[in-house]
Amino acid sequence: MEPTAHLQPAPGTRRRARDLGIVAGHGDTGPLNAITDVPGVRVGHTTVRRPPEVHSGVTAVVPGAVGPNAPLPAGVFTGNGYGKLIGTTQLTELGTLETPVLLTSTLSVFRVADALVGWMLERPGCGEVQSLNPVVGECNDGLLSDIRARPVHEEHVRAALDGASGGPVAEGCVGAGTGTVALGFKAGIGTASRVPDLGGRPCTTGVLVQANFGGTLRVLGRRVTPRSLGLTGDPAPVAETGSCMIVVATDAPLDARQLTRVARRAVFALARTGAAYGHGSGDYAIAFATRPQAGATVADAELGPLFEAVLDAVEEAVLNSLLAATTTAGFGGRTVPALPADRLLDALTDPVATPLSDGRKQPSG
């Protein structure tokens, strides 16, 4: 089976949240509203499909020429640690990122890490390297894909890394998001960006999510379920299962401690979308700065706009992951519906609603 590389959205791609008038927060986005708005950051996907049994893949977030001899300041935060995030202990201990960040399926994460090590050892300047810390995260795509087959192999990892590029980022059912499900709907990869002002200096901050978590979707303060939209299909995983991997990139001059604070806000942002943070959920965020630590960092007291930007961007990225995905029939005869934009807009404008506990409204049903 040949891997399918997705480097930019294909013609006919479904509309993103902002195209529908669904806007998280008030900040400006970068030109692409994607993690690739951060200078030097590239993204590559390899999608691995063998319908109906296999819907999986790998996604690579590649920050410039990162390597063991050119590490970047980074932080990580665990919202709920039911996951297999390879490389987290050294990332926490040293506060440095030495490799691209790769995302994939749970039982493929170990093969992906090994392939990443092999790819890194071949990079210029790594001829004498004897130790490096691969960073690979995962979500369980076993609802729609034969996860035990471990279908992601070295050639898929290398295709994602070698094909990583700037520009528009493919979203939805691509790469590591090919088989993922979130908040009752088919989900996948999503991205967004913001350009906050930090002490008089604009900075670009982008996020990419691999959405696969439980809970009940909230959009503009309203609960949205497949039932409320009149959809049929297999029930999505309960709130106790699922995961989300979040990657945050910024060109702000931050140190590892500050980036850990940024990563914490990224996980907090999932609550805005209805995340349940259940027992079986692995909710992680990795944040890195593309400027190696040199000179003065941003003062902590000036980080407020960046925190807000990350909250907004993660919320929008999750919505983009849902809106870009397509209904998928997968392993075991299970089918998970996509979030239909037209029905969502109808629900958001429906004046007949029932109150939420905080006084807002939600669609009836």
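Okay, so helix axes here are lines fitted to C-alpha atoms over the stretch in contact, and angles run from 0 to 180 degrees between N-to-C directions. Helices (H or I, at least four residues) and strands (E, at least two) are DSSP runs, numbered from the N terminus.

Before I go on: this is a predicted model, where local features need pLDDT of at least 70, side-chain atom pairs count only at pLDDT 80 or more, and totals for chains, interfaces and linings use all residues. Residues are numbered from 1 along each chain as its sequence is written, and side-chain values use heavy atoms, with hydrogens and water left out.

Let's start with the pair α4 and α5. Helix α4, residues 256–269, packs on helix α5, residues 304–324, at an angle of about 35°, and their axes are 8 Å apart. Who touches whom? From α4 you have Arg261, Val262, Arg265, Ala266, Phe268 and Ala269, and they meet Leu306, Phe307, Val310, Leu311 and Val314 of α5, where contact means heavy atoms within 4.5 Å. By class, that contact has nine nonpolar residues, no polar ones and two charged. For the classes, Ala, Val, Leu, Ile, Met, Phe, Trp, Tyr, Cys and Pro count as nonpolar, Asp, Glu, Lys and Arg as charged, and the others, Gly among them, as polar.

Now the second pair. The axes of α2 and α3, the latter being residues 154–162, come within 9 Å and cross at roughly 55°. That makes them oblique to each other; under 35 degrees would be roughly parallel, over 145 roughly antiparallel, 65 to 115 roughly perpendicular, and the rest is oblique. Here too α2 passes α3 in a right-handed crossing. On the α2 side, Val112, Ala115, Leu116, Gly118 and Trp119 meet Glu154, Val157, Arg158, Leu161 and Asp162 of α3. Those residues split into six nonpolar, one polar and three charged.

Staying in α3, have a look at Ala160. Is Ala160 buried or exposed? Buried, with a relative accessible area of 1%; the cut-offs are under 20% for buried, over 50% for exposed and partly exposed in between, with a 1.4 Å probe and protein chains only. Leaving out residues up to four places away in sequence, Ala160 touches Gly44, His45, Thr46, Val58 and Ala60. Ala160 and Gly57 are 103 residues apart in sequence, yet 9.3 Å apart in space, C-alpha to C-alpha.

Next, two threonines. Thr106 sits in the loop between β6 (101–105) and α2 (109–121), and it is buried at 7% relative accessible area. Its side chain reaches the backbone nitrogen of Asn140 at 3.2 Å. Beyond four places in sequence, Thr106 touches Lys84, Glu138, Cys139, Asn140 and Ile147.

Thr191 is in strand β10, residues 189–194, and is buried too, at 0%. The Thr191 side chain reaches the backbone nitrogen of Ile35 at 2.9 Å. Among the contacts of Thr191, leaving aside neighbours within four places, are Arg16, Asn33, Val169, Glu171 and Asn320.

Last, the whole chain. There are six helices and 21 strands, and 56% of the 365 residues are buried. Of the contacts with a separation of 6 or more, 80% are between residues 24 or more positions apart.

Notes. A polar contact is a pair of N or O atoms within 3.5 Å; within protein, one must be able to donate a hydrogen and the other to accept it, and residues adjacent in sequence count only if both atoms are side-chain atoms. A crossing is left-handed if the near helix is turned anticlockwise from the far one by less than a right angle, and right-handed if clockwise.
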